[in-house]
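User: I would like to learn how to read a few features of a structure. Please take me through them one at a time.

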Amino acid sequence: MAQQANHALPAGFQLDDYRIERQLSLGGFSIVYLARDGAGKSVAIKEYLPNSLALRGEGAIQPVISSEHLAAFRYGMKCFFEEGRALARLSHPNVIRVLNFFRANDTVYMVMEYEHGRTLQEFIQKNRQAVTENFLRNVFTKMLNGLREVHSHKLLHLDLKPSNIYMRNDYTPVLIDFGAARQTLASDTPMLKPMYTPGFASPEHYAQRELLGPWSDIYSVGASMYACLAGAAPQAADTRMEKDQLMPAMVRWEGQYSDQLLETIDWCLCLNHLYRPQSVFALQKALTEQVSAPQQREERWLDKTFGKFLSRFKKIGNR
Amino acid sequence: MKFTIYQESRPGKRPNNEDRLAYCYSREALLMIVADGMGGHYYGEVAAQIAVQTLIETFQREAKPEIADPFLFLQKSMSNAHHAILDFSSDHRLNDSPRTTCVACLIQDNIAYWAHTGDSRLYLLRDGRVHFHTRDHSRVQLLMDQGVINAAQAAVHPERNKIYSCLGGPQQPEIEFSRKTPLEAGDVVALCTDGVWGVLPEEMLATALKSANLIQAVPMLLAQAELRGGPHADNLSIVAARWEDSYVEHPSTAISTQTMSRDTITTKLDEFGRNPAYKSELSEDEIERAIEEIRATIQKYSK
């Protein structure tokens, strides 16, 4: 049976101090609205409404939560609180800001700043030719400022991907959707069901969650950069662990981007977490390094690939 | 840790006492040492002093409050003591370097670790009997092991004082290590020189130290030994500790009520019906509190 989609709150609906304008997005776990606060300022409001547990019919306001689903619904609410807790502590230009949190209609809502722009995912789908070396270095270096702030609060994002990186119209990135974020040091936090996106989640996400660390978010950053170049997510880490068929960025785009950038992407995508950059700072340092423009070489394909591997080995040896 | 401890050393009928002994303890670890400086060698007491001091200083430096690796600690500090004695002897241009036996025991987490070289002994006494004692690094012990002589012959053997391993000698000392030995409440660990064990039957040692009051028992035992040593009684030294705790597999799960105030009662009674630990459901109250907490955090961090 097809999953029945929830109906959004109608335009003009007065929700607490906010007036709903329209629905921005609909996910399996929540609905995001564009709304205006009492002062007329635009905000984004995220409504906790898991599809499978709470149903809102057309024209209805209160969702129907059957008694058998109530426990699970409340349990999922814990995740939503986690996200709120994580974001509330962060105040940084590259991290979405939470403005308010309230309860209504038998569920909970998180009010966030509204930004004009689109997700990096939408951007790269429509502007493939805009993904230049400078664009990548610029966007990711700034986005990493936000991630650094997240890590400095002992939080991990754990669901980094192009559709969770929002681009303002001036091309500055903002980290959004902290639905998977976890406080890494709070051991008393109940183990919530892992959330991740195949292709962007690190190998630790799947198997050894006790190994999750900044390097896990860094894997996702590498996968996001790879996806910007490829236009699609890279091979998922769990299948890579069985048979690694991911073509290194170094081989796939050689000559089109600088070796140093491509190497940095491959560095982030190492399956062994110890071989990746261990901190956001280390990665930022690599991304801001001055490099010479890529040069198209005239060698034959095999020589080229071979030479590439040799130079990589030398560099790894030096690291 | 809970224990009683007492140490005493007497010169016997000798002009000077070349035995040295010491104990020291932190919140989590206890160290006991006995060293018998070699008679017939120059500066025997200096060698014994260096050995005891080296171990004590290492303990003071490394017990924080536990020793990270007890066997490594014993091995390292005894070997350092050996080299310190050699250094002393070369600094003073001695023809023959001074030597000493050494036995040391470290107790932490109710586990005893010991090491020895020479013929000073460690006894582990349990239930009024000798549960274990170290094997001397001596000629007579080797002869006994080979079945050439028996214990009675060994006790009067002319070469019974000859040992083949010690600290400060020209050869690298042979240091023998114990196993990790869990202690039980009431166990007595006694370290002594041959002036004590050489003249006392071991049953006597075990019976005497069975008494809970070591402060009375040890001097009485030494008086006995001195008497039995006769007109040429050797230096006699003993340090003995009665351990009052028992080794348990997971000491951290044990409850100590020592620090509870007098009017406190701790109760653990599961809720009727479901075990609350499995309750994943948020109560109304918890939801309200979570929202309050998030709002407060937003306030706190908004500029």
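Analyst: Strands (E, at least two residues) and helices (H or I, at least four) are DSSP runs, numbered from the N terminus. This is a predicted model: local features need pLDDT of at least 70, side-chain atom pairs count only at pLDDT 80 or more, and totals for chains, interfaces and linings use all residues. Residues are numbered from 1 along each chain as its sequence is written, with chains lettered from A and ligands numbered from 1 in the order in which they are written.

User: Which strands are joined to β4(B) by bridges?

Analyst: Two strands pair if DSSP finds at least two bridges between them. Strand β3(B), residues 29-36, is joined to β4(B) by 6 bridges and runs antiparallel to it. There, B:Ala29 has B:Gln108 as its bridge partner. Strand β5(B), residues 111-117, is joined to β4(B) by 7 bridges, also antiparallel. B:His116 in β5(B) stands opposite B:Val103. The hairpin of β4(B) and β5(B) has 2 residues between the strands, and B:Asp109 takes a positive phi near 55°.

User: How do I read a pair of packed helices?

Analyst: Two packed helices are described by the angle between their axes and the distance between the axes. Axes are lines fitted to C-alpha atoms, for helices over the stretch in contact, and angles run from 0 to 180 degrees between N-to-C directions. In chain B, the axes of α1 (residues 44-62) and α2 (residues 70-91) come within 9 Å and cross at roughly 140°. That makes α1(B) oblique to α2(B); angles under 35 degrees count as roughly parallel, over 145 as roughly antiparallel, 65 to 115 as roughly perpendicular and the rest as oblique.

User: Which residues of α1(B) and α2(B) make the contact?

Analyst: Residues are in contact if their C-beta atoms, placed from the backbone, lie within 7 Å. Here they include B:Ile50 and B:Leu55 of α1(B) and B:Phe73 and B:Phe88 of α2(B).

Terms used:
Contact = placed C-beta atoms within 7 Å.
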